[in-house]
Amino acid sequence: MAFECQEGTEVSKNLKNCEKDSCQEQIEAHQIIISKGTLDSYHKNCITSSYTAKQSPCNNVLSGCHQSITDLPPALISEILNCLDPKELGIVSCVSPILYRLASEHQVWKEFYSERWGLPIVPTPLGAGFSDKKSWKELFVEREFRSKTFLGRYSIDALHGHTEAVRTVFLLASAKLVFTSGYDSVVRMWDMEEGLSIASSRPLGCTIRAVAADTKLLIAGVTEGFIHCWRAVEGLPCLFDLRGAEAQNTEFRLWEHEGPITSLALDLTRIYSGSWDMAVRVWDRASLKCLKVLRHGDWVWGLAPHDTTVASAAGSDVYVWETKKGIPLGVIHNAHVGNIYSLARSHTGEFIFTGGEDGAIHMFEMTSHCVDADIVLVATWIPHSGPVYSLAFEFPWLVSASSDGKMSLIDVRKLLRTRRRALGKNASRVKHVNPNSLEPPQRMLHGFGANLFSVDIGADRIICGGEEGVVRIWNFSQALEIEQRARTLRGRRLENRMRRRKLQIDMNSKGGQTDQCSVAAKKKSMHGDRSAWHHKRGISSKLKA
């Protein structure tokens with residue numbers, strides 16, 4: 001119950017009967033306004049009596065002011081927690097055990113995880129130590145922690161086996177497999193942890209510019225215009241018989257493109273392919289038939305699907321298509337000076353990244369409406385002195401590979417505001433950033449020859465391949481182990497500090513009690529000495545008399 005204090009106001013006459021009438025009737029009938037001069041007397045006469053009266057009906061009303069958020073209905077608490085970001089939820093969980101349980105078990109952590117990295121395909125997508133029994137909060141915290149290791153120490157593993165330049169690399173992080181190919185027309189499969197070659201295909205006869213894979217299908221796009229596909233061995237996910245005899249049930253080809261295939265992508269039901277025949281084709285994985293043909297005005301260099309849309313780069317333009325109807329939702333003309341050689345997209349589909357012949361990297365935000373999509377330029381970086389041939393994105397890191405032999409790592413977190421339900425579905429997530437104050441890439445990786453053609457990122461690794469024919473794996477797991485040890489030590493120090501603090505508080509409380517007892521004993525002894533002194537003085541005076 002709150003009261004408003006203002007100067008020049010008077011207390012209502014009915015306040016004298018506060019204890020006689022119920023507080024509920026007074027609140028509904030009168031607006032209580034108290035002046036500064038009469039506030040003290042009012043608190044003494046009415047508020048104190050109403051709080052101390054056990055049988056007063058005012059007691060029930062005023063007791064509501066001591067209620068906390070945990071007394072609210074669970075549905076209302078859930079809606080309140082939905083409006084918080086991960087950092088705020090973490091702060092709320094530190095308030096009390098009840099709020100810790102509510103904030104930790106809330107389903108909003110699943111939304112936070114999926115909007116950054118997408119839902120995991122397999123129960124253990126993050127490597128050793130990650131279990132499907134962990135909560136979404138634990139998965140989110142661990143994945144967020146892993147994302148910081150790309151600024152730490154690393155080691156480099158070189159994979160030798162290709163006889164010519166490597167044009168494409170693909171990292172299947174859930175299975176810890178790396179697929180590479182290039183001018184030697186051979187697809188190779190590597191173990192990501194050990195850096196060993198697992199299998200290699202027979203030569204397909206021409207350059208392979210694109211490779212994509214999931215746990216059930218591996219596809220490669222070649223310059224002769226066909227897509228070569230391998231199905232996983234039945235009952236053994238991620239196991240592809242690359243050297244087996246060509247058979248209809250495990251190995252097949254898709255023919256319809258009229259030019260070299262430059263880009264490939266997979267989802268659960270579709271295959272997407274882009275070609276220099278100025279078309280993107282959408283295939284059905286079950287029937288292996290072409291469902292849609294998306295015509296462009298120039299060579300298609302890259303594509304990135306999401307849900308029912310696919311983004312593509314053709315010439316210097318960026319397109320966003322609706323795949324079911326085959327119509328463009330939005331087009332950006334002349335996004336780069338020259339061709340757009342690379343394109344990447346976030347897991348939510350709302351951010352599109354392009355790298356061009358001019359050495360620039362653009363970040364676009366797409367907000368969809370009923371029919372059209374608004375595509376807005378958010379930021380631009382120019383970290384390279386040559387064309388950007390490849391881009392890869394895993395929240396929050398955007399990695400680029402260029403013909404200058406360098407790779408750049410860009411953290412996009414500072415450009416984004418946290419998604420809240422109150423913002424609305426189509427609200428912009430990007431902060432208003434001054435282009436002149438935009439931070440440069442957080443890290444540049446050197447040590448290559450010229451012409452890096454392809455790059456991928458995931459599972460504490462960055463994979464790249466280029467003209468020298470060597471595949472390099474930048475391993476940041478060492479930084480992860482160092483950070484884990486440092487975090488464990490910080491936790492132990494904090495635990496010891498809290499233990500010492502609790503012990504000190506207990507000792508102080510016991511010491512305070514003993515101090516009070518000693519003071520009381522001293523006072524008693526002093527009073528006893530004075531009475532004895534007065535008694536002796538009285539006796540001596542009598543003797544003298």
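How far apart do the end C-alpha atoms of residues 333–368 lie, and how much of the span is helix and how much strand? Those end atoms lie 18 Å apart, and the span is 56% strand and 0% helix. Before going on, note that this is a predicted model, where local features need pLDDT of at least 70, side-chain atom pairs count only at pLDDT 80 or more, and totals for chains, interfaces and linings use all residues. Residues are numbered from 1 along each chain as its sequence is written, and side-chain values use heavy atoms, with hydrogens and water left out.

Back to that span. An unreviewed UniProt entry places the feature "repeat: WD" at residues 159–200, 254–293 and 333–368; such annotations may be inferred rather than shown by experiment. Residues 254–293 are 60% strand and 0% helix, with end C-alpha atoms 14 Å apart. Strands here are DSSP runs of E with at least two residues, and helices are runs of H or I with at least four, numbered from the N terminus.

Now for the inside. The largest nonpolar core has 34 residues. A nonpolar core is a set of buried Ala, Val, Leu, Ile, Met, Phe, Trp, Tyr and Cys residues joined through side-chain atoms within 4.5 Å, and buried means under 20% relative accessible area, exposed over 50%, partly exposed in between (1.4 Å probe, protein chains only). Among the elements giving two or more residues to this core are β4 (166–172), β5 (177–182) and β9 (217–222). F179 is one of the residues with the most contacts inside the core. Leaving aside neighbours within four places in sequence, F179 touches residues including V169, L218 and F240, where contact means heavy atoms within 4.5 Å. A second, separate core of 30 residues includes L84, F140, V388 and L398.

F140 turns up again in a cluster linked by ring pairs, together with W109, F112, Y113, W117, W136 and F395. Rings of Phe, Tyr and Trp (its six-membered ring) pair if their centres lie within 6.5 Å; planes under 30 degrees apart count as stacked, over 60 as edge-to-face and the rest as tilted. The structure holds 21 aromatic pairs. Take W276 and W299: their ring centres are 4.4 Å apart and their planes at 15°, so they're stacked. That pair links distant parts of the chain, 23 residues apart, with W276 in the loop between β13 (270–275) and β14 (279–284) and W299 in the loop between β15 (290–295) and β16 (300–306). W276 counts as buried because its relative accessibility is 18%, while W299, at 38%, counts as partly exposed.
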